[in-house]
Amino acid sequence: AGFQQVVLGTVDTATGHASASAGSIDISGSTNLSAFAAPVSVYASTITVDAGGSGVQVGGAVTLDAVGLIQISSNVATTTAANVTLTSATGAVQMAAQTHLSTQGGNVTIVSGHSSNVGVSTIDTRVAGSQAGGIVSIDAQSGRVIDANADGNVNVYAAAVSMNGYGALQGNTGTSNSVLKVSAPMVQVTVPSGAVVA
């Protein structure tokens, strides 16, 4: 308690993102940083949240910024209304199947690099006991945004969802299970080319 900010890793001062010389960071799947409300920022070549833990809990905003892959293999939750940002300069952002990212009303921003894919399991921005939620923005550029759970359940609960990128290819086997499912009163979808089919 008392920290104003926690920064792990190496930041490129010119870009404000992870430095090309940054090393990899591995986060235990049972990390509890809920004792203070300070923002936690991680800058690395790749970032992995390990599987098998009780989940990562943070009392403030979370930023995971990587040069390459961001792999979320355990639940990640903010214990107060706080924003979560996942940004990769050149790689994918991947949530493992059945993992949850929750923000108690905070916003979620996901950006994958070089048109890499974004795999979403469950993102829940709703305040506990309420349907009010935050805004979810996903930018896969020319990559695909897919359902990491590969099932018929809702992937994103939010007040609004904005997605840029491609979805599952129409006509592919298992397409209905690969499509992102959203529960939100407002949805905006843009694609680099082609048509959006609902």
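Predicted model: local features only at pLDDT ≥ 70, side-chain atom pairs only at ≥ 80, totals over all residues.

Me: Why is A150 called partly exposed?

Reply: Its relative accessibility is 45%. Buried needs under 20% and exposed needs over 50%, so A150 at 45% counts as partly exposed.

Me: What makes the phi of A150 worth a remark?

Reply: Most residues other than glycine have a negative phi. For A150, phi is near 50 degrees, a positive value in a residue other than glycine.

Me: What about H114: what is its phi, and is H114 buried or exposed?

Reply: Phi of H114 is near 55 degrees, again a positive value in a non-glycine residue. H114 belongs to the loop between strand 13 and strand 14. Exposed means over 50%, and H114 has 60% relative accessibility, so H114 counts as exposed.

Me: Back to the loop between strand 16 and strand 17. How do you know whether N155 is buried or exposed?

Reply: N155 lies in that loop, with strand 17 taking up residues 156-157. The cut-off for buried is under 20%, and N155 has 0% relative accessibility, so N155 counts as buried.

Me: What makes a set of residues the largest nonpolar core here, and which of them have the most contacts inside it?

Reply: Membership takes buried residues of the nonpolar kinds, joined through side-chain atoms within 4.5 Å. The largest such set has 37 residues, and L64, V120, I123 and I138 have the most contacts inside it. Strand 16, residues 135-147, gives the largest share of this core, four residues. In soluble globular proteins, nonpolar side chains tend to be buried together. As for L64, apart from neighbours within four places in sequence, L64 is in contact with I27, V42, I47, I70, I72, T85, L86 and T87.

Me: How do you know that strand 16 pairs with strand 13, and in which sense?

Reply: A pair needs at least two bridges. Strand 13 (residues 108-111) and strand 16 have four, in the parallel sense, so they count as paired. I110 has I138 as its bridge partner, and V111 stands opposite D139.

Me: Which other strands pair with strand 16?

Reply: Strand 14 (residues 118-120) is joined to strand 16 by three bridges, running parallel, with V120 opposite D147. Strand 18 (residues 160-166) pairs with strand 16 over six bridges, also in the parallel sense, and I135 stands opposite A160 there.

Me: What joins strand 10 to strand 13?

Reply: Four bridges, with the two strands running parallel. The bridge partner of T85 in strand 13 is T109. Strand 13 has V108 and I110 on a covered face, while T109 and V111 are on the uncovered one.

Me: What makes strand 3 and strand 19 edge strands?

Reply: Seven strands form an open sheet in the order 3-6-9-12-15-17-19, with parallel pairing. Strand 3 (32-33) and strand 19 (182-183) each pair on one side only. Inside that order, strand 12 (residues 100-102) and strand 15 (residues 122-124) run parallel and are joined by three bridges, with H100 opposite T122.

Me: Last one: what is the lining of the second largest pocket like, by class?

Reply: It has 13 nonpolar, one polar and no charged residues. Of the 14 lining residues, I27, L33, V40, V42 and V56 lie nearest the centre. Strand 1 (6-9), strand 4 (40-44), strand 6 (56-58) and strand 7 (62-66) each give two or more residues to the lining. The space in this pocket is about 180 Å³.

Conventions. Residues numbered from 1 in each chain as written. Heavy atoms only, no water. Buried < 20%, exposed > 50% of the residue type's maximum accessible area, 1.4 Å probe, protein only. Contact = heavy atoms within 4.5 Å. 1 Å grid on protein atoms, 1.4 Å probe; cavity = no way out; pocket = protein on both sides within 12 Å on 5 of 7 lines; lining within 4 Å. Points joined across faces, edges and corners; volume = space filled by probe spheres on them. Nonpolar A, V, L, I, M, F, W, Y, C, P; charged D, E, K, R; others polar.
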